[in-house]
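Student: Could we go through this one together? I'd like to know what stands behind each label.

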Amino acid sequence: MHGLEIYGLAVAPLYVISEQPKFSDWRMQIYLPIAEVSVNAFLLLGLGGLVGLLSGMFGVGGGFLMTPLLLFIGIPPPVAVATEANQIMASSFSGVLAHLRRKTVDFQMGGVLLIGGLAGAAAGVLIFKELRELGQVDLLVRLSYVVLLGFIGTLMFIESLRAVNRSRKHIIPPKRRHIGWIHGLPFKIRFRASTLYISAIPPIIIGVAVGLLSAIMGIGGGFILVPAMIYLLGMPTKVVIGTSLFQIIFVTGFTTVMHATTNYSVDMALAVTLLTGGVVGAQIGARLAIRMKAEILRVLLSVIVLAVCAKLATDLLLEPAEPFSIAYGLL
Amino acid sequence: MIIRILILFAAIATFQQANANESVVAALSQNRVSITANFDGSEILVYGAIKRDEPLPEASALHVIISVVGPLAPVLVRRKLYKFGIWVNADSARIGQAPTFHAVATTGDLEKILSESEDLLHEVSVDQIIEAVGKPANSEDSEIFREALIRLRTEEGLYSGFPVPVEFAEETLFSTRFALPANLVEGDYSVRIFLTRDGAVIDDHEQTIFVRKVGLERWIYNLAHDEPLAYGLLSLLIAVAAGWCASTVFRFVMKA
């Protein structure tokens, strides 16, 4: 009867095990096939929504906030950058359609910017690949963000504080002006939609710079393009947004394909999840922005930018709790 | 449930025809783990019985050690050092082969129930596996990189760290459960069961768990690596379509 005793013993634990509930479903984890990590789907939708909300409120693309946030939640830098480029391309697409309908896109200027942009993006992806193999891509991404966000955030903060003061004192902001030396350069082209007759060199250089940043940082670069177009090139404000979006969709689209073919780091599932949250957030943000004062919004945005910059900077400056890391996706 | 009972019956039935030596009969709750879009880790139940036809030897205690080892792969471990006022990756070591997953379950203290030479021979503990197959070739501080690898993977839940207990009844029936984390790597996972007496392995048994990405996950991963250009273009197309759909649906909802 030894066997029967064992039988009784065996059934009890097995019964308990088989009746236990499996992993609970409410957590809604989503397994990202390229990043090869499992992340909460609501966290991603929420991040997408939050950044979308900010981009809707402030009229910026939001890539410069999303990429650092993806790093903070543990997405490997190559995947964060490449996937952000993909997301920005898609979220700018509907924007450019609206501008095409209103005919506020300067195709000539967009084309010239694009020549520089594609060259810059191609160079950026190659630099990214080299540094990834050297194990320095994390540093490259973080350092670029600290410098860029620190610079832009400080400028925006000072400028927006001035704007707040101006609006209190009811002083009209100064009008746009042309920068003299830009008109002395060769290869002049007539940009009809922008009513400009300037050299092609400055737009190409701006394009290269934005393309590089797009490939290395996973941003559209609208927040650099727009001021550069207004203050450096002297373009009329009404065509600036449409033209920058036009250049952004092609540059980020090209960056996405370049990253996909050289670094295999575009995560389709991540892009679509972020995008879904982002689109909804952007629509809500745009409605909220109407009710808020533009000057206050700009102070807020600059504070957010500086906060993200500070978090990234402390990671570089303070001694890490864990100095060791396992290289992602190599070997 | 019924199948499990039948397996146990079968295990018990074989008691009558067993050899003089003790040997192990074991089964897994599943030998296939599918990584799907909502994969959130899995759990493997390992259970079985000891087969013997002589009475229990009184002299020493019988112990069971169960190990689950994921596919071996080379690893590059990097170390940050303080340079130019910031912390940067400045040093690295390549570890030839390390298991991507490792967990051990035992009926007692691993060092007491398994001698070091047997551990080395059967490659049970994670130290021994890395030692045996992938010791870093170069520097003298390679030891700290190996320790760092074990520490990092333990934090990620990929190495179990200390052994989990095995339920062991009447020195005959045993069962244990392994939690497989969400960040599993694809491949063949070997489950090995060792019986030990006085630190020596007297019998062992091996089975395989196949961990695979399936469905959409499989398809996306393959496309991204086999046809990167098509994948890149498709990502753009899907993202544009998804963005357009989401905004159209949202506008429709807001109007309604």
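This is a predicted model: local features need pLDDT of at least 70, side-chain atom pairs count only at pLDDT 80 or more; totals for chains, interfaces and linings use all residues.

Student: Why is A:Ala90 called buried?

Tutor: Buried means under 20% relative accessible area, exposed over 50%, and partly exposed in between, with a 1.4 Å probe and protein chains only. A:Ala90 comes out at 4%, so the label is buried. A:Ala90 sits in helix α4 of chain A, residues 77-101; helices are DSSP runs of H or I with at least four residues, strands are runs of E with at least two, and both are numbered from the N terminus.

Student: What makes A:Leu275 a contact of A:Ala90?

Tutor: Contact means heavy atoms within 4.5 Å. Leaving aside neighbours within four places in sequence, A:Ala90 touches A:Leu275, B:Ala239 and B:Val240. A:Ala90 and A:Leu275 are 185 residues apart in sequence, with 7.8 Å from C-alpha to C-alpha.

Student: How much of chain A counts as buried?

Tutor: 52% of its 331 residues. Chain A has eleven helices and five strands. Among its contacts between residues at least 6 apart in sequence, 76% join residues at least 24 apart.

Student: How do you know how many disulfides there are?

Tutor: A disulfide is a pair of cysteine sulfur atoms within 2.5 Å. A search of the whole structure over all chains finds zero. As for individual cysteines, A:Cys309 is buried at 10%, while B:Cys245 has 40%, so partly exposed is the label there.

Student: Why are β2 and β8 of chain B called edge strands?

Tutor: Two strands pair if DSSP finds at least two bridges between them. Six strands of chain B form an open sheet with mixed pairing, in the order β2-β12-β11-β4-β7-β8. β2 (32-35) and β8 (164-165) each have a single partner strand, so one side of each is left without a neighbour in the sheet.

Student: What makes β7(B) and β8(B) a pair?

Tutor: They share two bridges, in the parallel sense, and B:Ala105 stands opposite B:Val164 in β8(B). β4(B) and β7(B) run antiparallel, joined by five bridges, with B:Ile65 opposite B:Thr106. Strand β4 (residues 62-69) is also antiparallel to β11 (residues 187-197) in chain B, over eight bridges; there B:Ile65 stands opposite B:Phe194.

Student: Why is strand β7 of chain B described as largely enclosed?

Tutor: Five of the five residues of β7 (residues 102-106) are buried, so the rest of the structure largely encloses this strand. B:His102, B:Val104 and B:Thr106 point one way and B:Ala103 and B:Ala105 the other, and all are buried. In a regular strand, side chains alternate between the two faces of the sheet.

Student: How do you know the accessible area of chain A?

Tutor: Accessible areas come from the Shrake-Rupley method with a 1.4 Å probe; for residues, only the protein chains shown count as cover. For chain A that gives about 15100 Å², with carbon and sulfur atoms supplying 69% of it.

Note on methods: Residues are numbered from 1 along each chain as its sequence is written. Chains are lettered from A and ligands numbered from 1 in the order in which they are written. Side-chain values use heavy atoms; hydrogens and water are left out.
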